[in-house]
Amino acid sequence: MGPFNTVFNGYRDLILPLSEQDDTVKGAVLAAAASHISLKYCEWKSPASRYRMAAIRGLNQRSTAEDLNKSIDYSSLSTMVLLLVEQMIIVGTDFHILLRMMKSFIESQQCLEIVDTEPLGTFLMQQIRKMSLYAGPLVMGLSAAKSLENMSNKDLDFLFSCLKIHPEYSSVIFKLANLIRTAAQIYLSRATNTPNQVITELVQQFLADTAAYNATSPGGHILIWPFFIVGAECSSEQDREFVTMQLQSLWDCTGFGSPLYAIKLLKDIWQDAPGTNWTQTLVDKVEGFIM
């Protein structure tokens, strides 16, 4: 799930070792893995469900424990992040609940002061900020526009943190960041009824930028959400076919259900007249996590 999977991958290098010591995290790891396999081999759906329920039971037991400490913070946060990843993989309908649970946990345990001091905590907060950024337009409607308007480099730290490890990918990292920002600006513009000409120019800028650098490029597998948001604003058949092709390529690359679900939703949105405010349609229709 990282932009690059060479020297460092937080899921592999930080969370997997934790799962060897913690059954709740292990259940979430196994749930995500089994769910991924189940998209091609349906007999894995039942094991995935069992692992998911085991992870949720572990979370519930910890929520009632009196002696919450730093290791439980890491374990619980890791479990919630993994369960949200699983929801993205299978396009599950529980991501709203998990997102609220994660935010409540962070607030109640004051995790921000604890987890950002160690590599695992830093990685988890990067993932949580990314998930919150992408989930906003799917669940919050107009209030999501305010979050996107205030988007900072910290929200994109899951990308910029790669600069230390992969300075050779600096141009790619900045391209990815600019594509995410352009998509966010398109959503914000439509949500606030910006003139269509301005939005059209932003869409054409995104499409031009992804003509050569797109889903099949290094790091391009993280562009599911940007292509979905931009696709909602596409009106010509040519542009819609391009976005559909890119999302199909992202399915081929990742094997996640999210890009196929994005294509399905876009076909519904495209039934409306061009210029329709589809940002509210997302809140009404989206049931799964697109990331």
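These legends go with a set of close-up views of a predicted model. In this model local features need pLDDT of at least 70 and side-chain atom pairs count only at pLDDT 80 or more, while totals for chains, interfaces and linings use all residues. Residues are numbered from 1 along each chain as its sequence is written, and side-chain values use heavy atoms, with hydrogens and water left out.

**View 1. The two domains of the chain.** Domain 1 covers 9-115 and domain 2 covers 151-290; such bounds come from an automatic or database domain assignment. Taken over C-alpha atoms, the domain centres are 27 Å apart. Eleven residues from domain 1 and eleven residues from domain 2 make up the contact, where contact means heavy atoms within 4.5 Å.

View 2. Helices here are DSSP runs of H or I with at least four residues, numbered from the N terminus. Thr-24 belongs to helix α2 (residues 23-38), and Ser-75 belongs to helix α4 (residues 70-90). Thr-24 is buried at a relative accessible area of 10%, and Ser-75 is buried too, at 0%. For the record, buried means under 20% relative accessible area, exposed means over 50%, and partly exposed is in between (1.4 Å probe, protein chains only). Setting aside residues up to four places away in sequence, Thr-24 touches Ala-55, Gly-58, Leu-59, Arg-62 and Thr-79. With neighbours within four places likewise left out, Ser-75 is in contact with Leu-18, Asp-22, Val-25 and Arg-62.

**View 3. Helix α11 from end to end.** This helix runs over residues 170-191, 22 residues in total. After α11 comes Asn-193, with a positive phi near 60°.

**View 4. Phe-160 against Phe-174.** The structure holds eight aromatic pairs, and this one is tilted, with 5.8 Å centre to centre and 45° between the planes. Rings of Phe, Tyr and Trp (its six-membered ring) pair if their centres lie within 6.5 Å; planes under 30 degrees apart count as stacked, over 60 as edge-to-face and the rest as tilted. The pair links distant parts of the chain, with Phe-160 in helix α9 (residues 157-160) and Phe-174 in helix α11, 14 residues apart. Phe-160 is buried at 14% relative accessibility, whereas Phe-174 is partly exposed at 42%.

**View 5. Phe-227 against Phe-242.** Phe-227 sits in helix α13 (residues 224-233) and Phe-242 in helix α14 (residues 237-254), 15 residues apart. Phe-227 is buried, with a relative accessible area of 0%, and Phe-242 also counts as buried, at 18%.

**View 6. An aromatic cluster and a charge over a ring.** Phe-8, Tyr-11 and Phe-123 form one aromatic cluster. Elsewhere, the charged end of Lys-130 sits over the ring of Phe-158, 5.0 Å from its centre. That label applies if NZ of Lys or CZ of Arg is within 6 Å of the ring centre and within 35 degrees of the ring normal.

**View 7. Cysteines without a disulfide.** Searching the whole structure turns up zero disulfides, a disulfide being a pair of cysteine sulfur atoms within 2.5 Å. For Cys-162, the nearest cysteine sulfur is that of Cys-253, 16 Å away. Cys-162 is buried at a relative accessible area of 9%, and Cys-234 is buried at 3%.

Definitions and conventions: Helices (H or I, at least four residues) and strands (E, at least two) are DSSP runs, numbered from the N terminus. The expected span of a helix is 1.5 Å times one less than its number of residues.
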